[in-house]
Amino acid sequence: MAPENIIEVRGVRNQFGTQVVHKDLDLDVHRGEILGVVGGSGTGKSVLLRTIVGLQIPKAGKVEILGKQIYPKRASAKEINEDIGILFQDGALFSSMTVAENVMAPLREHHPEISDELAEEIAGMKLSLSGLNEGVGEKMPSELSGGMRKRVALARAMALDPKILFLDEPTAGLDPIGAAKFDELIMGLRDNLGLTIFMVTHDLDSLIRATDRVAVLAEKQVIINAPLDEVRRSNHPWIQEYFGGPRGRAAQGSNLASQSA
Amino acid sequence: MSKAEFSVEDGPAPRIEARGGWTMADGIARIDAQIRKFTETTLDKPLIIDMAGVDNLDTSGAMVLQRTMQACGARADLSQPLKGFENVSDHHKVLLEQAAGNLVSCETPPPRASWLVVLERVGQATENILDEALHIMSFVGAVMVRMFETIRHPGRFRPTSVVHHMESAGLNALFIVGLMSFLIGAVVAFMGATVLAEFGAEVFAVELVGISVLREFGVLLTAILIAGRSGSSFTAAIGSMKLREEIDAMQAMGIDPLDALVVPRVLALLIAVPCLAFLAAILGLVGGGAVCALALDIPPALFMARTQEIIVIDNFIVGMVKAPVFGFAIAVIGCYQGMMVRGSAEDLGRRTTISVVQSLFLVILVDALFAVFFMELDY
Ligand SMILES: Nc1ncnc2c1ncn2[C@@H]1O[C@H](COP(=O)(O)OP(=O)(O)O)[C@@H](O)[C@H]1O
Ligand SMILES: [Mg+2]
């Protein structure tokens, strides 16, 4: 059975002034998978993410998510917002709200009838699931460390149990233990809730441990979108350098060791 | 998808039969109050929750079920998270287990008595005002030190930055300042002449325009405009740099933010405000003169002659002396409030407002002090 596409991007072109970021870009994301998106800095990973969720309007092409068209025809924001959660690259927490209020914001927006108690309980659970201790709820985002902000942002992105989670470099800035827990967390989400996860990442360990497939962005396109082993065998020079470099080999080696142990 | 529902069998061994989709989308929020009420009546009884009819479950639904279960009796036993649940599908098991370990509420502390809050606010505000006055004075001191340092080491001087701020705060304000003072001059002449006409002293409108525009209005209105225009933009610019840790980055590089951000802005307003005040004074006279010529039958030649004869240059000097002081006050307050921004975007907005209010207050206070000072001097 062919896997069902939950996100379909066809022939997308993105351009800022004369700088073309994407040209004829195609991408498929299957339902229930964790897709890792890699590419050099500035190759347009964040722009691709923004395009898929409708924050960036492409110059040409077609974008579909959950069977609803985002571009050229725009599905109403309400139709898809409840089904997607986004963790922005630098968190994008609302700086004038407490952590708990940040997590409750989407709940209150989409379920205005929700009681304060229930909202507080759900927010508390999401924060706890994201690995935060009790007590952070009352803090302001500016009082948190970078890693904690990431976790709060994840809790907020998951507040409504979305069908697709978009993560922009979620483990950047986390300690290795935290990053490994994060990987486990999202794998758990995928297994338990059937989430689809679109994850931009440079963390080779995450790629190896968590992703089902890897999409490589280079030359303004997705040059390959396949399981990691297959991507590795590609002889594109950038891919060779990425996985064949000292860090790539180290990550792979340690993972093999942990698997055989 | 079906709505979240449940039915209960009360008694010594209460049973909840959950049915439908226990998800936020299917209305967990709707039935939460009911289930809470039920929980209160079944405390300390062994509860059974039958999950056979549940076709859909999300983390929120699992949380509500676990919360209900754990509230009933001594069941907060993490080693057996599924105790009390019946007919749980494999899929839902994981969610219920997960929820059991993460039952945490972000309860907000209850608000305190309102009179206490009022008292606290009053105290806090008083302390803040005193604190801030002290801080502003020390900030002024620090800026002065940096400015003298710049004079001693001219290499530190940042001409590009100064010129840039002179352009945006001064040059770009030329039109609005000029237009405003022209209109003010015209209004003063017109209103003055209307009243003076009753005494047959219309011609004294010239003195009225000359003295009021040169001595007060020109410079004061310029300062008010610049406080609103540039003071606020200084606060917003420096404040958002502060929020994005740019100022910390400067400090770490050994760049003194006072040198890089504050001194150029202060110098720019020290130069720009007097220039604008001069323009305002001249255009105020022009406005007054135009009204005199067009509406009051005082020809421009007469206007010029009386202005030169009667309105001594002292009035002009008194006006211009105040201009750099106003410029300094506006720039220092704007930069100070920007440097004080902490934490959130909201604080930035608050500080921007405070910056405008404080610099307006300071401008008017300084103007009043000058008035007393010159009166004592008989100037
Ligand atoms: N709003 C914007 N205006 C102009 N250029 C942009 C904008 N956003 C992104 N770009 C450009 O698009 C390219 C891709 O950016 P981005 O997607 O953020 O890269 P990354 O792959 O590192 O996430 C970069 O060269 C960047 O300069
Ligand atoms: Mg990026």
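Which residues have the most contacts inside the largest nonpolar core?

**View 1. The largest nonpolar core of the predicted model.** This core has 69 residues, and A:Leu165, A:Leu167, B:Trp22, B:Met51, B:Leu57, B:Phe85 and B:Leu96 have the most contacts inside it. Helix α4 of chain A (residues 116-129; a DSSP run of H or I, at least four residues) gives the most to this core, with seven residues. A nonpolar core is a set of buried Ala, Val, Leu, Ile, Met, Phe, Trp, Tyr and Cys residues joined through side-chain atoms within 4.5 Å; buried means under 20% relative accessible area (1.4 Å probe, protein chains only).

**View 2. Surroundings of B:Met51.** Leaving out residues up to four places away in sequence, B:Met51 is in contact (heavy atoms within 4.5 Å) with B:Leu57, B:Leu65, B:Phe85, B:Glu86, B:Asn87, B:Val88, B:His92 and B:Leu96.

**View 3. The contact of chain B and chain A.** Chain B gives 29 residues and chain A gives 28 residues. The buried area (accessible area lost on being put together, 1.4 Å probe, summed over both parts) is about 2500 Å², with 61% from carbon and sulfur atoms. On the chain B side, B:Met24, B:Val104 and B:Cys106 lose the most area, together 24% of what that side buries.

**View 4. A salt bridge between B:Arg67 and A:Glu121.** The N to O distance is 2.3 Å.

Residues are numbered from 1 along each chain as its sequence is written, and chains are lettered from A in the order in which they are written. In this predicted model local features need pLDDT of at least 70, side-chain atom pairs count only at pLDDT 80 or more, and totals for chains, interfaces and linings use all residues; side-chain values use heavy atoms, without hydrogens and water.

Notes
Buried means under 20% relative accessible area, exposed over 50%, partly exposed in between (1.4 Å probe, protein chains only). Helices (H or I, at least four residues) and strands (E, at least two) are DSSP runs, numbered from the N terminus. Buried area is the accessible area (1.4 Å probe) that two parts lose on being put together, summed over both. A salt bridge is a side-chain nitrogen of Lys or Arg within 4 Å of a carboxyl oxygen of Asp or Glu.
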